[in-house]
Amino acid sequence: MSKDRADRLAITALGLSGLLTGALLTLIVGHVLARGLPVIDAAFLLTAPERMGRAGGIFPSVVGTLAVTALAVAIATPLGVMTAVYLAEYTREGFFVRLCRFATAALAGIPSIIFGLFGFVLFVIRLGLGWSVLSGGLTLAIMILPIIIRTAEEAIRAVPRSWREISYALGGTRWQTVTRVVLPGALPGVLTGVMLGVARSVGETAAVILTAGTTLRLPRSPLDPVRTMAVHFFILAREGISMDQAYGTAAVLILLILGVNFVAYWLLGRITARRG
Amino acid sequence: MRDERPVEMLLGLVALSTTTALVLIAVFIFIEGVPVIARVGPAQFLLGRRWAPDAGSFGIFNMLAGTVWVTVGALCLGVPLGLACAIFLSEVAPRPLARMLKPALELLAAIPSVVYGFMGVVVLVPLVRTTLGGPGFSVLAASAVLAVMILPTITSITYDSLRAVPDSYREGSLALGAGRWQTIAMVLMPAARPGILAGVILGTGRALGETMAVLMVAGNALRAPTSPLDPVRTLTANIALEMGYAQGEHRQALLATGLVLFVVIMAANSVALALSSRRAGEGG
């Protein structure tokens with residue numbers, strides 16, 4: 001086979017695989033939205049389900065999802081940002097930093113079912129929190145911690161060195177420099193990480209089903225069990241309760257996650273623009 | 001100037017949060033999982049073919065086999081596609097097209113696994129049933145769904161390691177009269193090999209650990225499969241299916257299953273991390 005023919009063949013094959021990937025995303029999102037959007041209206045989002053979810057809305061699941069996600073982000077964001085500040089501003093490369101980086105990367109590679117098992121054993125059983133918003137939120141917080149650390153650290157490192165030098169030259173201490181110069185500069189990147197954490201929490205099922213439960217009721221306290229939208233969708237689809245309701249719930253999930261991702265990458269784009 | 005050492009110490013302590021989390025996860029999964037493995041015997045636990053929680057017999061071999069079948073299938077479908085996609089984005093696609101496809105890939109990673117599972121149920125399972133026979137809920141359906149799910153991992157890591165190969169390699173190869181494909185296959189891929197391998201291993205880890213999507217499409221039969229059209233139950237699906245009602249030793253046996261997964265995935269990911277910390281091109 002001649003060199004040129006090999007090139008043409010290879011490039012066609014490579015192009016097709018790239019196209020296939022783009023097509024997959026379009027098909028999945030398109031299919032879910034086409035079947036699910038007609039189901040969604042204000043009543044679907046804001047009323048309680050009837051007959052186990054065969055009819056009515058998904059309001060308790062919306063609240064459950066928001067509660068669990070908000071708790072996870074509220075716990076993971078300060079921990080993640082402080083870790084990132086320490087790694088980027090306070091230490092040199094060494095054993096400690098390598099240990100932190102390894103743990104962060106390893107944590108990111110652990111499958112969600114393991115987080116679920118861990119959360120079940122520690123929070124649900126040993127600490128006696130039961131299936132609850134609290135157990136679910138704590139479990140998700142650990143799961144999204146690596147995402148927040150990594151994006152925050154990158155954002156902090158992207159803040160120009162000269163900003164820090166100016167702060168020190170004006171007599172600022174290291175802590176003042178971090179809180180008044182570095183963190184404000186890194187804010188869009190930090191928020192990107194938080195948004196990605198939100199998206200991950202909203203879409204998570206395995207870890208949440210084992211820690212937050214499957215109860216389809218409006219939670220009244222952090223110790224009440226909830227059924228998040230992802231879990232509700234799973235149960236609707238798995239038990240064949242209602243295809244329409246399943247598509248509707250899936251469409252809400254997809255829209256929420258895509259929306260949050262767009263915000264995340266828009267923020268990221270703003271940093272890159274500033275740097276470039 | 002104020003003494004800032006307390007602040008620094010506090011930050012250092014917080015920085016240990018991921019290490020602490022990792023240790024806690026390992027400790028609790030071990031504490032809960034080891035007793036059953038010790039009672040049944042490690043060999044009997046891993047290679048026993050009878051999983052009958054009510055009768056107190058816990059052998060996970062059939063599910064282990066299920067996990068291996070499904071993961072190998074996912075790699076067979078997902079690795080070639082993922083590599084091709086990464087090469088296309090890095091070496092072939094015009095910049096504007098690459099700039100459109102890259103976010104598409106990240107969004108593919110953001111779609112929840114239940115949605116993948118659901119798409120598998122409504123599209124793939126009927127397709128397998130009508131075209132190839134069998135129940136449709138099968139190794140093949142599960143592998144195909146997983147292949148799509150690990151695509152973003154494999155592609156983005158391969159893409160990054162291809163981008164990290166210095167341009168001088170490309171220019172040198174083309175100057176020697178090599179074609180574009182020859183340059184890709186004989187110069188760039190070997191130079192990016194550690195990174196590519198890391199991506200494939202991380203993708204394998206994802207496939208091994210994926211739960212909800214596999215549970216929805218694999219059929220969950222408690223037999224070791226003999227063909228790609230057979231239904232299977234993976235280790236992860238078994239945990240998710242039975243954890244809701246398991247009590248006592250049954251629950252511990254499920255945690256022991258989690259322990260096996262945890263050990264395998266931690267080992268694989270450590271290798272991947274070691275590989276990806278080597279810079280691409282060093283071995284070239």
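**Helix α4 of chain A, and on from there**

Modeller: Helices here are DSSP runs of H or I with at least four residues, strands are runs of E with at least two, and both are numbered from the N terminus. This is a predicted model, where local features need pLDDT of at least 70, side-chain atom pairs count only at pLDDT 80 or more, and totals for chains, interfaces and linings use all residues. Residues are numbered from 1 along each chain as its sequence is written, and chains are lettered from A and ligands numbered from 1 in the order in which they are written.

Colleague: Which residues of α4(A) are buried?

Modeller: A:Cys100, A:Ala103, A:Thr104, A:Ala105, A:Ala106, A:Leu107 and A:Gly109. Buried means 20 or more other C-beta atoms within 10 Å of the residue's own, exposed means 12 or fewer, and partly exposed is in between, with C-beta atoms placed from the backbone.

Colleague: And what covers them?

Modeller: The cover includes α3 (59-90) and α6 (133-157) of chain A, along with α1 (5-15), α2 (17-40), α10 (193-209) and α13 (248-277) of chain B.

Colleague: Switching topic: where is A:Arg51?

Modeller: In the loop between β1 (49-50) and β2 (55-56) of chain A. Its phi is positive, near 45 degrees, though A:Arg51 isn't a glycine.

Colleague: Is A:Arg51 buried or exposed?

Modeller: Exposed, because A:Arg51 has 9 other C-beta atoms within 10 Å.

Notes:
Contact = placed C-beta atoms within 7 Å.
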